[in-house]
Amino acid sequence: MTSNDKIKYISEKLEDSSDYYSSLISRKKRDIEIYSGNFWNNDTIKTYDRTGRVCSSFTQYSKFSNAIVSPFSKSSYHCEIEDTDGTYSSIQEAIDKFENDTNTKYTILCAVKNACITGTGFMVLSIENNTIFPELVRDVGQVALDPNIIELDCSDAEYGAIVTYISIAKAKRLYGKDVVNYDKTSLLSSIGDQWSIPNDSVPLVSFYELNEQGSCELTKVCGNKVIMETVELPFKRIPIYRICFNEVIRNNKVDYNGIVDMTKDIMLAQSIAFSTI
């Protein structure tokens, strides 16, 4: 498979993910806006006839989310082997060191809080300079996933990706001027409604897929270029992990919502009342 064919293949997979998940992700992004205090966006103002009127919001979501997540911070996640006779003590020491060196507990805690707010929290096991470390995915819109997954933690996914952006100037400096076309487009310019590429930016994609032997492979692409050829990782699953809050069904799709979505109607009534005081 040529580099162009590989990028086109990845682009198609991203489009498949976007077709399935984009509407669900848009809803979660709106939940984050509401959590952040921006209840009254243009659509909400128009829908509830608040144009030209006071639009105040009164939110205590941060207090609620902190209360829900607090037990996890007091007794944070820790991987421990059942080992009554100390046979695996050296392995346990290695696990403890990994968790401490990579701040694993805090990363998981942040993912749990994201799940509490929007319904899902994501983290990924990244690899840099032959070092594996957990990394929080701060924006749910960065994640692409196999639409056929069933397991809560995405352990049955056949592929997945993390999509970020860098400036065209930086991409050219790092990867060459031909990373984009003369009109600033690239082979990754059309990857689905889920991603709105910022002006003068280009997608940077870490694409994971299981091979025929069941091992995970990673390919990194940026615009028109494969910037890291496919390598086999020491995983038997896609290293994107999902933490879920409350399961719901929307448009015949399984989804997960959090405290914002569960209390939107109450927040609407409260905000209208607060705005009329």
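## Ground rules and a first residue

Take "partly exposed" to mean a relative accessible area that falls between the two cut-offs, with buried being under 20% and exposed being over 50%. Lys-184 has a relative accessible area of 48%, so it goes down as partly exposed. Keep in mind throughout that this is a predicted model.

Lys-184 sits in the loop between helix 6 and strand 5. Its backbone is worth a look too: phi is near 70°, a positive value in a residue that isn't glycine. For background, most residues other than glycine have a negative phi.

## Another positive phi

Asp-49 also has a positive phi without being a glycine, here near 50°. You'll find Asp-49 in the loop between helix 2 (42–47) and helix 3 (61–74). With a relative accessible area of 54%, Asp-49 counts as exposed, because the cut-off for that label is over 50%.

## Helix 1 against helix 5

How do helix 1 and helix 5 pack, in angle and axis distance? Helix 1 (residues 3–35) meets helix 5 (residues 104–118) at an angle of about 95°, and their axes are 9 Å apart. That makes the two helices roughly perpendicular, since angles of 65 to 115 degrees get that name. On the helix 1 side, the contact is made by Lys-28, Asp-31, Ile-32 and Tyr-35, while helix 5 brings Lys-113, Ile-117 and Thr-118.

Ser-22 belongs to helix 1 as well. Its relative accessibility is 16%, so Ser-22 is buried. Setting aside residues up to four places away in sequence, Ser-22 touches Ser-17 and Gln-194.

## A salt-bridge network

A network of them links Arg-27, Lys-28, Asp-31, Arg-250, Asp-255, Asp-261 and Lys-264. Two of those names, Lys-28 and Asp-31, also turn up in the contact between helix 1 and helix 5.

Which residue pairs with Arg-27 at 2.8 Å, N to O? The partner is Asp-261, and the two side chains meet in a salt bridge. This pair ties together distant parts of the chain, with Asp-261 in helix 7 (residues 259–262) and Arg-27 in helix 1, 234 residues apart.

## A bridge from loop to strand

Asp-178 and Lys-225 make another salt bridge, with 3.0 Å between the closest N and O atoms. This one also joins distant parts of the chain: Asp-178 is in the loop between helix 6 (168–175) and strand 5 (201–210), Lys-225 is in strand 7 (residues 225–232), and 47 residues separate them.

Are the two partners buried, exposed or partly exposed? Asp-178 has 48% relative accessibility and counts as partly exposed. Lys-225 gets the partly exposed label too, with a relative accessible area of 26%.

Val-248 lies in strand 9 (residues 246–250). At 18% relative accessibility, Val-248 is buried, because the cut-off is under 20%. Leaving out its neighbours within four places in sequence, Val-248 contacts Lys-253, Val-254, Asp-255, Tyr-256 and Asn-257. One of these, Asp-255, is part of the salt-bridge network above.

Asn-130 falls in the loop between strand 1 (120–128) and strand 2 (131–137). With 81% relative accessible area, Asn-130 is exposed. Asn-130 and Asn-199 are 33 Å apart in space, C-alpha to C-alpha, and 69 residues apart in sequence.

## A nonpolar patch on the surface

Which residues form a nonpolar patch on the surface? Phe-58, Phe-274 and Ile-277 do, and together they have about 340 Å² of accessible area. Ile-277 is placed in the segment after helix 8 (264–275). At 83% relative accessibility, Ile-277 counts as exposed.

Note on methods:
Residues are numbered from 1 along each chain as its sequence is written. This is a predicted model: local features need pLDDT of at least 70, side-chain atom pairs count only at pLDDT 80 or more; totals for chains, interfaces and linings use all residues. Side-chain values use heavy atoms; hydrogens and water are left out. Patches are made of residues with over 30% relative accessible area and no salt bridge: like charges are joined within 9 Å, nonpolar side chains (Val, Leu, Ile, Met, Phe, Trp, Tyr) within 5 Å. Accessible areas come from the Shrake-Rupley method with a 1.4 Å probe; for residues, only the protein chains shown count as cover. A salt bridge is a side-chain nitrogen of Lys or Arg within 4 Å of a carboxyl oxygen of Asp or Glu. Helices (H or I, at least four residues) and strands (E, at least two) are DSSP runs, numbered from the N terminus. Buried means under 20% relative accessible area, exposed over 50%, partly exposed in between (1.4 Å probe, protein chains only). Contact means heavy atoms within 4.5 Å. Axes are lines fitted to C-alpha atoms, for helices over the stretch in contact, and angles run from 0 to 180 degrees between N-to-C directions. Angles under 35 degrees count as roughly parallel, over 145 as roughly antiparallel, 65 to 115 as roughly perpendicular and the rest as oblique.
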